[in-house]
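Biologist: I would like to go through this structure and ask what stands behind each term. Please set the values against the cut-offs.

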Amino acid sequence: MPELPEVETIARGLAKRVTGDVIESVWLGQKKEPLKSPASEIASVLEHSRISAVRRMGKHIVFDLVRASNGSAPPRTPTKTPKPKTSGGGGGSARPTDTSSSRPQWIVHLGMTGRLQVCEPEAEIAKHTHAILKLNSGRELRFLDPRRFGRLSVAAHGDFDAGGVEPLDVDLERFVSLFRGRKTPIKSALLNQKLLRGVGNIYADESLFRAGIRPRRKAASITHAQLGKLFIAIKEVLKEAIKLGGSSISDYVDADGEEGFFQRKHRVYGRAGETCVVCKSPIKRVVIAGRSSHFCAKCQK
Ligand SMILES: [Zn+2]
């Protein structure tokens, strides 16, 4: 499943390719699962809208839209288009209320196997294609998803809330407060999207290793100093992964069809039985809340 760095990579790739383009028409498939908003609503929000920005919020890809009058000439906004925030920050409570009504959003969650493809219209339509957006540039933006855990939705008033706080923006005080009084294992707390959005299994394991914290430790029992290490580790791991284009998991590829390279840097994830890069002990694998967790019993306490 793509996590924050993969979604960030995909969103950046898409932003380069489709920002400024106008969606002329929308085709949606018959399968119901991928459509979180009604098909008619998705079509009416997307058609004749200009894509003003593509960005990531948690594990969602958000397309900020501006209504384009004739599908070709986007209306000029009175003020300069505000620079899209790359993240919601601060829990997503601060939103521009003055412009939101005219700035609808298209929200894509890739689920396990969802993919967004920018291609020429003559490109063969792959099996499991659930949406095709015809763009004014002549290209098409297609959504494919064999396993159908991905979701498409629209926020007609631009008020999409991804929940939780952005791990790359959160400050130490807020970060520490997320785990106060939590009796769940720290690993489960890191995966809880209502706390931090976008951190998944790989980056939780890698961050806990770097911070020297065992995944099963009760979140509330972790000292302020250790949480400080974890706070730094999470940001470091995510930034390194974004730099390398994320990790390639199963058939994940970014918007340009390129694979990520962060998996070569994994120190514990997917390395059960192999030796720890620090102390040479074998990496262990345990299951916590249904998810496999990888750690070094010597380096992590
Ligand atoms: Zn070790």
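Modeller: Let us start with α5 (201-211), which is mostly covered: eleven of its eleven residues are buried. Among them are Asn 201, Tyr 203, Glu 206 and Arg 210.

Biologist: What should I know about the model and its numbering?

Modeller: This is a predicted model, in which local features need pLDDT of at least 70 and side-chain atom pairs count only at pLDDT 80 or more, while totals for chains, interfaces and linings use all residues. Residues are numbered from 1 along each chain as its sequence is written, and side-chain values use heavy atoms, with hydrogens and water left out.

Biologist: What makes a residue buried, partly exposed or exposed?

Modeller: Buried means under 20% relative accessible area, exposed means over 50%, and partly exposed lies in between (1.4 Å probe, protein chains only). Of the 301 residues of the protein chain, 52% count as buried.

Biologist: What makes a stretch a helix or a strand?

Modeller: Both are DSSP runs, numbered from the N terminus: helices are H or I with at least four residues, strands are E with at least two. The protein chain has six helices and ten strands.

Biologist: Which elements do the buried residues of α5 pack against?

Modeller: They pack against α1 (4-18), α4, α6 and β10. Just after α5, Gly 212 takes a positive phi of about 75 degrees.

Biologist: Why is Asp 64 called buried?

Modeller: Asp 64 has 12% relative accessibility, so it counts as buried. Asp 64 lies in strand β3 (residues 60-67) and stands opposite Gln 105 in β4.

Biologist: How do you know that the side chains of Asp 64 and Gln 105 make a polar contact?

Modeller: A polar contact is a pair of N or O atoms within 3.5 Å; within protein, one must be able to donate a hydrogen and the other to accept it, and residues adjacent in sequence count only if both atoms are side-chain atoms. The value for this pair of side chains is 3.3 Å.

Biologist: How do you know that β3 and β4 pair?

Modeller: Two strands pair if DSSP finds at least two bridges between them. Five bridges join β3 to β4, which run antiparallel. Five also join β4 to strand β8 (residues 151-155), again antiparallel. Four of the five residues of β4 (residues 105-109) are buried, so this strand is largely enclosed by the rest of the structure.

Biologist: What is a nonpolar core, and which residues touch the most other members of the largest one?

Modeller: A nonpolar core is a set of buried Ala, Val, Leu, Ile, Met, Phe, Trp, Tyr and Cys residues joined through side-chain atoms within 4.5 Å. The largest has 32 residues, and Phe 175, Phe 179, Ile 186, Leu 190, Leu 196 and Leu 230 touch the most other members. Helix α6 gives the largest share of this core, nine residues.

Biologist: What are the donors of the zinc ion, and why is their arrangement called tetrahedral?

Modeller: Donors are N, O and S atoms within 2.8 Å of the metal (3.2 Å for Na, K and Ca); water is not among the atoms, so sites may look incomplete. The SG atoms of Cys 276, Cys 279, Cys 296 and Cys 299 lie 2.3 to 2.4 Å from the zinc ion. Four donors count as tetrahedral if all angles lie between 85 and 135 degrees. Here the angles are 97 to 114 degrees, so the arrangement is tetrahedral.

Biologist: Is Cys 299 buried or partly exposed?

Modeller: Cys 299 has a relative accessible area of 24%, so it is partly exposed.

Definitions and conventions. Tetrahedral: all angles 85-135°; square planar, octahedral: opposite > 155°, others 65-115°. Contact = heavy atoms within 4.5 Å.
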